[in-house]
Amino acid sequence: EGSRMAEFKLPDVGEGLTEAEIVTWKVKEGDTVAINQILVEIETAKSLVELPSPFAGVVQKLMVPEGETVPVGTPIIAIGDALDGPMPADPTPQTESDPYLGMAEQAGAEDAAREVLATDIDLSNPAASGSAEGESLVGRMKADRGATRRARKPAAAIQTQAAFEATGATAPIGLDEEDESDGPAVPSTSAVPTEAGNVRVLAKPPVRKLAKDLGVDLTSLAGSGPGGVVTREDVQAAVSPAGGGRAVVSTNSTDGSTDGSRERREPIKGVRKMMGQAMVESAFSAPHVTEWVTVDATRTMEFVERLKAHREFRDVRVSPLLVLARACMLAMRRTPEINSWWDDAAREVVYKSYVNLGIAAATPRGLVVPNIKDAEQLSLRDLAQHLNALVETARAGKTQPAEMAGGTFTITNVGVFGVDSGTPIINPGESAILAFGAIRKQPWVISTDAGDEIAVRHVTTLALSFDHRHVDGEKGSQFLADVAAIIEDPASALLF
């Protein structure tokens, strides 16, 4: 019987996405793979996604190199008969729209591909916005974020692109020292050649990715590691060598880097491309108004400490963010316009009776906004659990596309960077976004029976941007004032 070969076509892993970039191949030609084994990591406009194999057999050809963006439906890998015999089942004829038709296991692999995301965000932050254990929005990575979900299998290592980027000194968010030791040092041409030339340079995967990001030609470096392995320090030295020497930079680097060390270019694609398009569309289609209020949050801080000691909250993390989120849910009862949407095509304002509370989070690949569905129906404890679950899911790199869809209102915690507040841009499909500034101890004037006096209080600034096409200044001001009133005195929530 002649050999058989099946082509795996790039699936639509999100909501009508039309293209994706091949980021990292997890297998190489000649490898034997099993059904549901991770083949490749791709970047869509939504996130990083790991694709499981719908076929079992031997990798015959990697049809798309790393760094290339291709349309959905493009064949990306060819898998043929296994080394010890034919494949267990013949696939039925494939179609452009459904390459897995008639193969139950392959359909399961497609479902798995749609489910597995790798945004690799860390939304925890110990000192931001007064939350020693709380959640950070527009999140910041931590150097000691602990163990991640990545497996240690050479053919299907679940090591995300975000972790690769985080190993470099110029990585935008945090460092993960463990990542440099992930896996053995392998030749840079072991899968698809990504460096100039055909010289087999020994370098660990994170180091090769760092070199690619910085535009450094690995073939021009002499490795200082054991056995001539190129280390991260070798790559960094090539960019900023001692004595002010010139950097060794590839002129045909796949990331668009140019000669010299004074500039570096990165293509705008994937999550960052979608983020940019969405922000421009929002900023120039919805007339933004931003209002600010500075408030004494001391009673909220005291309330948080009491909640931590309460028996019902001992098994959940509690932070000022929880109080703010609950305050927003309550304040919307008086101003439903905040949770509506201007449907320009239909010339209608859509009022939503549910609140999908979005949490803006910055990742190395761009902004994502997972949301808590029907947040207005949750009790304070349930809301705390959902906030914690959102954080844990993001840290594990398992945020699903559905968890980022359908948001109706967003909170962005710029306080994680020590910023007092900002003028946030409304997410498309929503009408308002609230920026939560850092909570600081500041002198504050308080009124007593004996008169005014200055005391040290916990102070924060809230900034609300809203769509002025249908949310007028009165409604925006009322919502912001109601939220601020609850932050100043959580007991006032009884009035809503």
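The legends below describe close-up views of a predicted model.

**View 1. Overall composition of the protein chain in the predicted model.** The secondary structure of the chain comprises nine helices and 21 strands, and buried residues account for 51% of its 496 residues. The chain exposes about 21,800 Å², of which carbon and sulfur atoms supply 53%.

**View 2. The open sheet formed by E1, E8, E6 and E3.** Four strands make up this sheet, in the order E1-E8-E6-E3, and their pairing is antiparallel. The edges are strand E1 (5–9) and strand E3 (32–33), each of which pairs on one side only. E3 pairs with strand E6 (residues 57–62) in the antiparallel sense over two bridges, and Thr32 has Val58 in E6 as its bridge partner. In general, the strands of a sheet pair through backbone hydrogen bonds, in either a parallel or an antiparallel manner.

**View 3. The largest nonpolar core, with 46 residues.** Within this core, Phe409, Ile411, Leu434, Leu464, Phe479 and Val483 touch the most other members. At least two core residues are supplied by each of helix H6 (298–309), helix H7 (320–331), strand E14 (357–359), helix H8 (380–395), E18, E19, strand E21 (451–467) and helix H9 (473–488). H7 contributes the largest share, ten residues. Another core, of 22 residues, lies apart from this one and has Phe8, Leu62, Val64 and Ile76 among its members. In soluble globular proteins, nonpolar side chains tend to be buried together.

**View 4. Asn427 in the loop between strands E18 and E19.** The loop that holds Asn427 runs between strand E18 (409–412) and strand E19 (432–436). Asn427 counts as buried because its relative accessibility is 10%, which is under the 20% cut-off. Leaving aside neighbours within four places in sequence, Asn427 is in contact with Met279, Val369, Thr410 and Ile433.

**View 5. Leu378 in the loop between strand E17 and helix H8.** When its neighbours within four places in sequence are left aside, the contacts of Leu378 are with Arg326, Ile372, Leu383 and His386. Leu378 and Met329 are separated by 49 residues in sequence, while their C-alpha atoms are 9.4 Å apart in space.

Technical notes
Residues numbered from 1 in each chain as written. Predicted model: local features only at pLDDT ≥ 70, side-chain atom pairs only at ≥ 80, totals over all residues. Heavy atoms only, no water. Buried < 20%, exposed > 50% of the residue type's maximum accessible area, 1.4 Å probe, protein only. Areas by Shrake-Rupley, 256 points an atom, 1.4 Å probe, with all protein chains shown as cover. Pairing = 2+ DSSP bridges. Contact = heavy atoms within 4.5 Å. Core = buried A, V, L, I, M, F, W, Y, C linked by side-chain atoms within 4.5 Å.
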